[in-house]
Amino acid sequence: MTPSEDKKELVRRMFDDISPRYDFLNHFLSFGIDRLWRKRLVTMLRQDAPRDILDVATGTGDLAIAMAGINPGRILGIDISRQMLAEGERKIKAAGLTSLISFTEGDAENIPYPDQSFHAVTVAFGVRNFVDLEAGLREMRRVLTPGGTMYILEFSHPASFPMKQLYRLYSAWFIPLCGRIISGNQDAYRYLPESVAAFPSGQRFLEVMQKAGMKELAAYELSQGIATIYRARK
């Protein structure tokens, strides 16, 4: 098994393990603000009126479900964690959205769909888990139609005082502590702040997107830089 396969398997097992408490912890640890961030992305996406949408690293489907409100033709979600998808499938069934949203186990770096299949591709809080970031972005670009849009919502690095200092304390102490107590998996919630710290946010990530072939790049900071929405076009 290669190092990249090792990391994918580690991420898969980790998310399988925390899937039953994942939604609760997401909302609890963000004080519910993650819902507002997704709502902002959906508001931006509505302007593009995409018919077919692919949600990469869909997890339990929070963004996919939120995007149902813009009335697309179909929303497909992929994720490497089967247990996360199972949680998501329960949610879309409860919401009566099974005719609109469907999930498939799949890898962001080897998307199981033909070229130019989707008018929009989205990722919420998953791109930092890609083993090969540029390869994943190129795959997402591949399945976009010409003129299609890519939206990525991801944690970033607050740069101004006092948010920078407060966020460091929060991510270094509060997230791992609460994650361990509630989920029982200390490693998973130590991984979260470490993966955020390693992610090339802001202008650095826009440069990676440009290298992957995307155009018309823009970044929109949320909550004083705690998260960012990146938008680009094929």
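**Helix H8 and the sheet**

Modeller: The buried residues of helix H8 pack against helix H5 (133-142), strand E5 (144-155), strand E6 (215-222) and strand E7 (227-233). Here contact means heavy atoms within 4.5 Å, and helices (H or I, at least four residues) and strands (E, at least two) are DSSP runs, numbered from the N terminus. This is a predicted model, where local features need pLDDT of at least 70 and side-chain atom pairs count only at pLDDT 80 or more, while totals for chains, interfaces and linings use all residues. Residues are numbered from 1 along each chain as its sequence is written, and side-chain values use heavy atoms, with hydrogens and water left out.

Colleague: Which residues of H8 are called buried?

Modeller: Phe-205, Leu-206, Val-208 and Met-209. Buried means under 20% relative accessible area, exposed over 50%, partly exposed in between (1.4 Å probe, protein chains only).

Colleague: What puts them on the same side of H8?

Modeller: Their arc around the axis is only 155°, taken from the directions from the helix axis to the C-beta atoms. So they share one side of H8. The face turned away from it carries the exposed Gln-203, Arg-204, Gln-210 and Lys-211.

Colleague: And what is the order of the strands in the open sheet?

Modeller: Seven strands run E3-E2-E1-E4-E5-E7-E6, with mixed pairing. Two strands pair if DSSP finds at least two bridges between them.

Colleague: Why do E3 and E6 stand at the edges?

Modeller: Each has a single partner strand, so one side of each lacks a neighbour in the sheet.

Colleague: What joins E1 to E4?

Modeller: Four bridges, and the two strands run parallel. Val-56 stands opposite Val-123 in E4.
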